[in-house]
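Thank you for making time this morning. I would like to walk you through one structure, with some care, and I will take it contact by contact.

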Amino acid sequence: MPDQTASPQLSRRGLLGASTAVAAGPLMAAAPVVAPATPPVDPRRPVDVALTVNGQQHHLAIDVRTTLLDAVRTHIGLTGSKKGCDHGQCGACTMLVDGKATLSCLSLAAMVRGPVTTIEGIAGTDGTLHPMQQAFIDQDAFQCGYCTPGQIVSAVACVQGGHAASDAAIREYMSGNLCRCAAYPHIVAAINQAKDGMGRA
Amino acid sequence: MSDITEPQIMPQGAPPSAAKPAMGAATSRVDGRLKVTGAARYASDLYGGANPAHAYLATSTIARGRITRLNEADARKVPGVLDILTFRNVGDRIKPGKIFSQKGYMGSSIAPLASDRIQHGGQIVAMVVAETFEAAREAAHRLQIEYAAETPSATFDSPGLESISAEASSREGEQPGEEKPKVGDAAAALAAAPVTIDQRYETPIQHHNPIELFTTACAWTDGKLTVWEPSQNMYGFQNGLAEQLGMAAADIRVISPYVGGGFGSRGSLTQRTALVALAAQRLRRPVRLETTRDQGFTIATYRAETRHRVRLGAGTDGKLQALIHEGWEVSSRPDNYKVGGTDATTRLYACPNVDSEVTIVHADRNTPGFMRSPPEVPYMFALESAMDELAVALKMDPIELRRVNDTMHEPIKGLPYTSRTLMPCFDAAAKAFGWSGRDAQPGSMRDGEWMVGWGCATSLYPTNMGPATARVVLTPQGTVKVQTAGHEIGTGITTVLALMAVSGLGVDIAKVTVEVGDSALPPAPVAGGSNSTASIATVVAQACEQIRGRIAGAAVAAENGPFHGMDPAGLVLVDGTLRASSGASEPLEAAMSRTAGGAIEAYAENIPHGVPEGALKKLYLGQGTLMGGAKLKDRMQFAFGAQFVEVRVNARTREIRVPRLVGAYAAGRIVNPKAAKSQLMGGQIWGVSAALHEATEIDRRAARYTNNDLAEYLIPVNADVQEVTTILLPEQDTQVNELGIKGIGELGNVGLNAAVANAVFHATGVRVRELPIRLEKLLEA
Ligand code: FES
Ligand code: FES
């Protein structure tokens with residue numbers, strides 16, 4: 001049984017470890033691509049980056065240090081994903097990259113190869129809300145709503161990855177997404193509501 | 001969440017049809033769809049227009065001293081750097097401003113780039129502006145800055161502190177109206193009391209840490225400035241900036257449509273905003289500043305550390321005979337900021353002899369400010385811990401101790417509470433919690449290796465109101481626009497105001513648009529002191545009533561209409577029709593065809609009880625006048641609650657866990673129980689967080705914060721929170737305002753830190769008087 005009562009210190013450390021691992025996925029996958037024989041002359045010169053975000057292709061010429069989060073927010077203009085720390089500590093920037101929940105503030109845009117789904121891509125193309133989005137409204141699983149895009153993307157990954165079997169499992173999986181308004185019990189309720197509609201637990 | 005009592009309080013006037021949303025019915029947020037799809041635009045999402053330049057701050061590495069060398073050469077070499085603001089080119093370009101509690105607008109009077117002087121750690125020392133965020137960040141790190149450091153005073157007990165009594169600071173005209181609650185002869189009564197408590201308590205530095213960062217974007221067009229910044233005080237920011245920049249407030253517009261958490265951190269203007277405005281002016285281009293999480297610890301306000309000495313004297317029957325509450329609070333060197341919670345703690349219980357004193361201690365720190373329940377969180381921790389200690393000394397149940405000291409009149413001047421549902425809250429929460437099963441002996445309740453403790457405490461929060469204005473427009477098609485410069489910080493104010501329009505105008509909630517968060521709208525008070533719902537709902541209801549009155553007036557005058565000759569006061573707008581109690585009815589469109597023009601627009605302004613006439617003019621100048629609580633001359637306005645908590649402390653490791661919380665609250669009419677429960681629940685979790693998690697650590701030698709990020713500044717994560725029960729008790733109080741609304745935003749977290757400490761004592765026999773309660777403090781148990 002997952003430890004639902006771990007002390008905050010311990011669970012936070014566990015989470016950080018998990019976050020790093022998630023972010024490391026794309027980095028390692030991309031390593032051969034970004035290790036050219038001769039290093040670029042000026043590391044600050046814009047690099048060409050191709051990103052597929054919510055099914056749309058984008059070609060950007062951006063500073064190589066640009067994170068996936070800033071590329072999507074500042075350069076593509078999709079501001080649904082939020083920046084709460086830029087350090088992998090809050091989860092507000094969570095996106096799906098290749099279907100995996102990823103902290104976009106810890107991912108460099110130039111290294112992302114797989115398709116990216118942001119909060120703007122969670123609802124149906126006709127505007128029908130995803131069951132998770134509807135559940136967040138029904139359960140009042142937010143107040144200020146700033147953590148919400150990240151919470152919903154993580155919550156979708158939580159159910160899809162089979163981490164929603166119990167309240168304790170949900171709490172554990174969702175503990176990388178901080179909510180300062182402390183909507184946590186309602187977030188758990190929303191995931192429980194949505195998981196049936198999503199056809200998985 | 002377990003069961004919740006939802007009082008179904010119907011609005012006065014029109015009876016709404018039961019299935020439709022209306023005041024008192026649990027309603028999903030009107031901005032819910034925008035928030036779950038990422039379409040809600042927060043100030044941080046509005047970059048100031050196309051192609052803004054990006055700004056990044058450099059902050060001081062010392063807390064006190066001077067800048068001796070500031071070399072920009074390397075920074076300027078970074079490609080894309082456009083400008084660097086330092087004390088050399090800012091100086092007196094930005095005028096000094098007073099802090100909020102001195103009738104100014106600022107969170108701090110320390111003007112960071114006015115000179116080479118450093119007055120606190122993390123003070124802004126430069127702002128770099130570049131083509132990209134990445135270049136600005138790199139250049140900021142390439143600035144070479146040297147300092148002549150002086151030894152700073154960090155916190156209590158540091159050498160070099162200065163202090164002033166709150167009373168004296170008030171005499172200096174800084175915080176007018178401040179008083180020092182006192183009655184009878186508390187020292188003599190204490191000496192004579194058969195049972196006494198004399199203890200000291202301490203609360204730590206805490207930072208709001210809303211998830212939205214402290215961003216600002218500024219753009220100039222034809223000499224006019226637009227600012228996008230998360231704000232809890234639209235008109236305050238507008239007017240404060242006007243003062244700082246030496247321009248007319250009318251030429252400044254501040255926009256903040258949704259706010260990613262406030263908690264008090266965005267109620268006063270920070271020094272960063274004027275710097276961004278200046279940079280945008282110099283560059284003739286929009287500039288967007290994004291600060292880092294750690295910079296947020298020093299460029300904005302925070303909850304300062306406090307110390308308390310509480311002395312209680314009681315008879316063997318538990319009745320208080322003496323109560324003395326002394327508080328000490330840290331502030332910055334120049335600013336006499338304080339929260340001063342004794343005005344509530346000295347008036348909560350019946351007691352004939354009371355004395356109090358608050359002292360402000362000046363250290364080399366950034367100026368603190370309001371953070372969710374500013375006075376009550378620290379001061380009620382002290383009082384409610386002391387009350388628990390008194391109950392133990394008396395061998396009395398802590399609920400019964402509150403009961404024998406419950407009162408409908410505060411003891412200092414004998415003023416009546418307009419309503420007080422404290423003991424029903426205790427009884428409801430105790431029942432839901434199962435308190436009767438408690439064995440009072442500390443350490444007596446064990447569950448395997450877990451020591452179980454149950455504790456409780458009182459919560460209270462002043463019912464404040466401020467002057468407010470609003471505009472409401474109704475079209476014959478039944479669409480409504482509500483406009484007021486209020487703030488959607490997550491409280492659900494937009495939903496509340498939509499519900500007011502539904503109740504007042506009988507329209508479908510889907511047809512109501514609520515516009516807030518823009519200084520171009522009619523002014524509303526700061527989103528602070530839990531006043532917004534009461535203040536703004538009242539004035540929106542008045543605007544709706546004007547519209548109803550005009551439609552009804554025309555209807556009764558129309559000789560060929562169904563309402564001819566009737567009393568217009570008896571006609572209501574409901575379900576898209578104008579209706580009389582006789583059953584006569586007419587579609588809205590037909591009823592509105594009699595009034596001149598198409599849409600009807602009404603503007604309303606309200607001055608609440610106890611607020612002087614000139615307050616509306618001041619509101620337009622961004623100076624709100626919040627009135628209520630213990631500040632009124634004729635009565636006491638408070639909301640009350642009872643906090644219950646179960647803690648489990650591991651007998652081997654002293655790990656502390658909180659499996660359940662039960663809170664019962666009575667706060668007048670609840671307009672939207674759905675959002676109200678969320679807010680109170682969030683407050684309860686904040687209370688546990690304050691008790692067990694949150695503390696900003698300070699390096700005593702350097703006077704700098706050391707755990708300034710979200711990994712080390714501990715706030716609860718999902719796995720930390722288990723069962724939270726929130727009970728709303730019905731309460732009617734039409735004295736506080738016509739609608740009977742009391743604020744709830746801050747009620748949920750008051751007293752809970754004491755309830756946790758009391759539960760920890762019950763579990764372990766160890767009384768922790770310094771927050772946060774961490775396991776090392778329990779090792780002697
Ligand atoms: S912004 Fe990415 S984790 Fe906080
Ligand atoms: S809803 Fe405000 S931070 Fe989660």
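This is a predicted model: local features need pLDDT of at least 70, side-chain atom pairs count only at pLDDT 80 or more; totals for chains, interfaces and linings use all residues.

On the side of domain 1 of chain B that touches domain 2 of chain B, the elements giving two or more residues are β17 (450-462) and α17 (673-693) of chain B. The residues on that side of domain 1 divide into 11 nonpolar, 6 polar and 4 charged.

To place these domains on the chain, the assignment for chain B gives domain 1 as 1-15 + 375-463 + 629-781, and domain 2 as 466-627. Their centres, taken over C-alpha atoms, are separated by 36 Å, and the contact draws 21 residues from domain 1 of chain B and 21 residues from domain 2 of chain B. About 1600 Å² is buried between the two domains, with carbon and sulfur atoms giving 64% of that area.

Now to the contact between the chains. How many residues does the contact take from chain A, and how many from chain B? Chain A gives 56 residues and chain B gives 70 residues, and the area buried between these chains is about 5400 Å², of which 54% comes from carbon and sulfur atoms. Here 29 residue pairs are in polar contact across the interface, again with both residues at pLDDT 80 or more. The elements that give two or more residues to the side of chain A that touches chain B are α1 (8-30), α2 (68-76), α3 (131-138), α4 (148-160), α5 (167-173) and α6 (184-197) of chain A. Sorted by class, that side of chain A has 23 nonpolar, 18 polar and 15 charged residues.

Let me turn to charge pairs. Side chains of opposite charge can pair when their charged atoms come close. Over all chains the structure holds 54 salt bridges, and 6 salt bridges are counted between chain A and chain B. One salt bridge is formed by Glu694(B) with Arg180(A), whose closest N and O atoms are 2.9 Å apart.

Another salt bridge pairs Glu138(B) with Arg65(A), with the closest N and O atoms 2.6 Å apart. Because Glu138(B) lies in helix α3 (residues 133-142) of chain B, while Arg65(A) lies in the loop between β2 (56-62) and α2 of chain A, the pair joins two chains. Are these two partners buried or exposed? Glu138(B), at 11% relative accessibility, counts as buried, whereas Arg65(A) is partly exposed, with a relative accessible area of 25%.

Within chain B, Arg471(B) forms a salt bridge with Glu601(B), the closest N and O atoms lying 3.7 Å apart. This pair links distant parts of the chain, since Arg471(B) is in strand β19 (residues 468-474) and Glu601(B) is in strand β25 (residues 600-606), 130 residues apart. Arg471(B) is partly exposed at 24%, and Glu601(B) is partly exposed at 47%.

I will finish with Arg594(B), which forms a salt bridge with Glu586(B), the closest N and O atoms being 2.6 Å apart. Arg594(B) counts as partly exposed at 26% relative accessibility, while Glu586(B) is buried, with a relative accessible area of 10%.

Key: Residues are numbered from 1 along each chain as its sequence is written. Chains are lettered from A and ligands numbered from 1 in the order in which they are written. Side-chain values use heavy atoms; hydrogens and water are left out. Contact means heavy atoms within 4.5 Å. Buried area is the accessible area (1.4 Å probe) that two parts lose on being put together, summed over both. A salt bridge is a side-chain nitrogen of Lys or Arg within 4 Å of a carboxyl oxygen of Asp or Glu. A polar contact is a pair of N or O atoms within 3.5 Å; within protein, one must be able to donate a hydrogen and the other to accept it, and residues adjacent in sequence count only if both atoms are side-chain atoms. Helices (H or I, at least four residues) and strands (E, at least two) are DSSP runs, numbered from the N terminus. Ala, Val, Leu, Ile, Met, Phe, Trp, Tyr, Cys and Pro count as nonpolar, Asp, Glu, Lys and Arg as charged, and the others, Gly among them, as polar. Buried means under 20% relative accessible area, exposed over 50%, partly exposed in between (1.4 Å probe, protein chains only). Domain bounds come from an automatic or database domain assignment.
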